[in-house]
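Visitor: Hi! Could you walk me through this model?
Guide: Happy to, here it comes.

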Amino acid sequence: MGKIMSENSGLIVGIDIQENTTQLSVLDEKDNVPKQVNIFDGKPAVSNPIPLTHWRLSGDGGNEDSERLCEISSFISSAVDTVKKAAGRMNCEKICITVADYEKEVLDFLAAVMDRLEFRRSQWCVISHEESFAYYAYNQKRELYHPAVLLLDYSGERIDAYLMASGSRKNLEIIMENRYFLENDNIKACAGKELALEDIEEDIIGWLNEIFSEHIVSAVYLTGNGFDVNKFPDRLTKFLCGKRKVFAGQNLYVKGAVFCAAEEVRAGRFANTVLACSNRITTGIEVDISERGKDRRLRVVKPGINWYGAARKMDFIIEDIRQINLYMKPCDDSGDYTEQIDIST
């Protein structure tokens, strides 16, 4: 990614909100890479006032909603102030928030928080963890993501795997995602510290063997509390490192959020790329219109954008037609097709 900003421009900030903790990162303008910002007492992560799954509004506008909004708004404000203080600047150009619980209720709550803090909608965006991983992985060296890259997230009672692979279509790079998960009694017991990671390495190896038999993976990233250990089991380490690069850490998502925010400010690595992972719209939609007497196609939905940010309102004047053709354009190789809306009655 090329240099995107000057010392006089605003900060590019990433915030990773997991179920119980939050991390911060900011774009290092000298090297154009994310730099983690330690939060209170020099710690890389701080405990959330309330778990992320409770960041929701009841809808009745009562005191509970008001108190919860006030509490989280104060928390987010303090976090942003921490970044400003660390960077020595007071202006934020773009904030990207990545959340572990990517549900509409949580996203609407965050939107209310950012509105309460008087951030313009253009100043911030919110993405899922798998999107953040894609931004992080595809801003590394090509040999680390080609032909495919895999993330293993052991944050809960199962291990989630996100495999990203790219291909070309219509002069665009398309990044597609395959999702897998491993869940059994041993995995749950290890998450609850009843078993050690070395006690379940055979479960993990057997599961990954099936994935690696179908995909050539250049690099594997490990994150989550389940992988936050002082020493990895020898057999699992040897297996993972066979013809692959392996990285383990707990700050991948927050750094990916910075790359996303930077991309939103100035198109860089993803300028000619469609990200088609979960929570992204993978099919574009176009319609026929007549503008100033000339027939043309109007793009209604662009493939590769996040569904939460895809809202769009348009007004049409309909004259002498009985059906509307929606031209569907999937970003994979399944082929374009047309959907028709009958308006004759």
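Visitor: Where does K243 lie?
Guide: K243 is in the loop between helix 6 (234-240) and strand 11 (245-248); helices (H or I, at least four residues) and strands (E, at least two) are DSSP runs, numbered from the N terminus. Phi of K243 is near 65°, a positive value in a residue other than glycine. Keep in mind that this is a predicted model, where local features need pLDDT of at least 70, side-chain atom pairs count only at pLDDT 80 or more, and totals for chains, interfaces and linings use all residues. Residues are numbered from 1 along each chain as its sequence is written, and side-chain values use heavy atoms, leaving out hydrogens and water.

Visitor: Thanks! Which peptide bond is cis?
Guide: The one from H146 to P147, with omega near 5°. P147 sits in the loop between helix 3 and strand 7 (148-153).

Visitor: New topic: how many salt bridges are there?
Guide: The count is 16, taking a side-chain nitrogen of Lys or Arg within 4 Å of a carboxyl oxygen of Asp or Glu.

Visitor: What does E131 form a salt bridge with?
Guide: With R280, the closest N and O atoms being 2.4 Å apart. E131 lies in helix 3 and R280 in the loop between strand 12 (273-276) and strand 13 (283-291), so the pair ties together parts 149 residues apart in sequence.

Visitor: And where is I318?
Guide: I318 belongs to the loop between strand 14 (294-301) and strand 15 (323-330).
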